[in-house]
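Hello,

Here is the structure I promised to pass on. Please open it and keep it beside you while you read my notes.

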Amino acid sequence: MRYGFISDIHGNLEALTAILDDLQDRELDEIVCLGDIVGYGPDPNACVELVQTRARYVVLGNHDSAAIGKTTLEHFNLYARQAIEWTREVMNSDAYAYLSSLPLKIIIDAMTLVHATLQHPEEWNYLFNTQDAVENFKQLRTQMGYIGHSHVPVAFCKENQRHWTVWDQHISIYPNIRYIINVGSVGQPRDADPRACYGIYDSEKAEFNIVRVPYEIKKVQEKMQKAGLPGYLIHRLFSGR
Ligand code: ZN
């Protein structure tokens with residue numbers, strides 16, 4: 001099986017479309033979405049509709065949860081909060097109903113899917129480093145965990161009592177090692193590479209790869225400007241920070 005992993009789309013339709021086109025060419029078996037379809041970007045409804053039609057497995061992200069009023073805005077910074085308030089105003093009832101139906105965690109085959117962390121996915125904490133990963137591995141009941149949330153692609157690995165972190169675009173999957181893999185962000189990368197990011201897991205080849213796809217950043221920025229979304233969110237798309 002070959003799975004395409006998309007996460008943190010954040011209402012960026014141009015980035016999502018570019019990635020879905022790239023995925024189509026590769027003829028993958030399933031598309032998995034790790035949450036945050038909305039928030040920050042100018043096209044929440046179109047992004048929800050596309051994910052709903054294209055992705056087989058989808059979990060809820062913190063921005064999705066905030067957009068439907070399930071998570072309060074107190075832990076959001078000012079810009080994120082303004083974008084969520086805007087998203088709430090423009091979101092249609094179909095998108096609202098779909099986001100409301102999403103689970104926090106899905107287990108398929110050897111994979112656990114969550115947006116934030118494995119131990120408390122509903123608390124929206126971050127998994128940034130090897131130390132954070134130690135606690136998360138205790139809650140991982142499958143060989144692999146797939147996450148988003150930080151917008152930075154990275155893989156945390158564990159073999160017996162040894163933990164380490166891999167920043168490569170290519171990761172070999174060995175049967176005796178367990179993995180928690182962050183697949184990066186489609187619509188708002190923060191690893192200094194502004195191109196849209198997604199991941200592919202190939203179970204036959206036993207490998208995971210990060211893929212980068214350029215898209216029309218300027219077009220999204222113009223839409224954000226028109227929508228009156230915060231300038232900080234508009235500019236950061238160019239730097240990928
Ligand atoms: Zn996000």
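Start with Tyr201: this residue is buried, because its relative accessibility is 8% and the cut-off for buried is under 20%. Keep in mind that the model is predicted.

Now the rings. Eight aromatic pairs were counted. Tyr3 and Tyr201 make a stacked pair, with 6.4 Å between centres and 10° between planes. Tyr3 sits in strand β1 and Tyr201 in strand β11 (residues 196-202), so this pair ties together parts 198 residues apart in sequence. Tyr3 is buried, and so is Tyr201.

Tyr201 also pairs with Tyr146. That pair is tilted: the centres are 6.4 Å apart and the planes 45° apart. Tyr146 belongs to strand β6 (residues 144-147), 55 residues from Tyr201 in strand β11. Tyr146 is buried, at 0% relative accessibility. One aromatic cluster holds Tyr3, Phe5, Tyr146, Tyr201 and Phe208.

Asp8 lies in the loop between β1 (2-6) and α1 (13-26), and Asp36 in the loop between β2 (30-33) and α2 (44-54), so the two tie together parts 28 residues apart in sequence. Asp8 is buried at 0% relative accessibility. Asp36 is buried too, at 1%.

Last, look at Trp164. Arg162 lies over its face, 4.1 Å from the ring centre.

Best wishes

Key:
Residues numbered from 1 in each chain as written. Predicted model: local features only at pLDDT ≥ 70, side-chain atom pairs only at ≥ 80, totals over all residues. Heavy atoms only, no water. Helix = DSSP H or I, 4+ residues; strand = E, 2+ residues; numbered from the N terminus. Buried < 20%, exposed > 50% of the residue type's maximum accessible area, 1.4 Å probe, protein only. Phe/Tyr/Trp six-rings, centres within 6.5 Å; stacked < 30°, edge-to-face > 60°. Lys NZ or Arg CZ within 6 Å of the ring centre and 35° of its normal.
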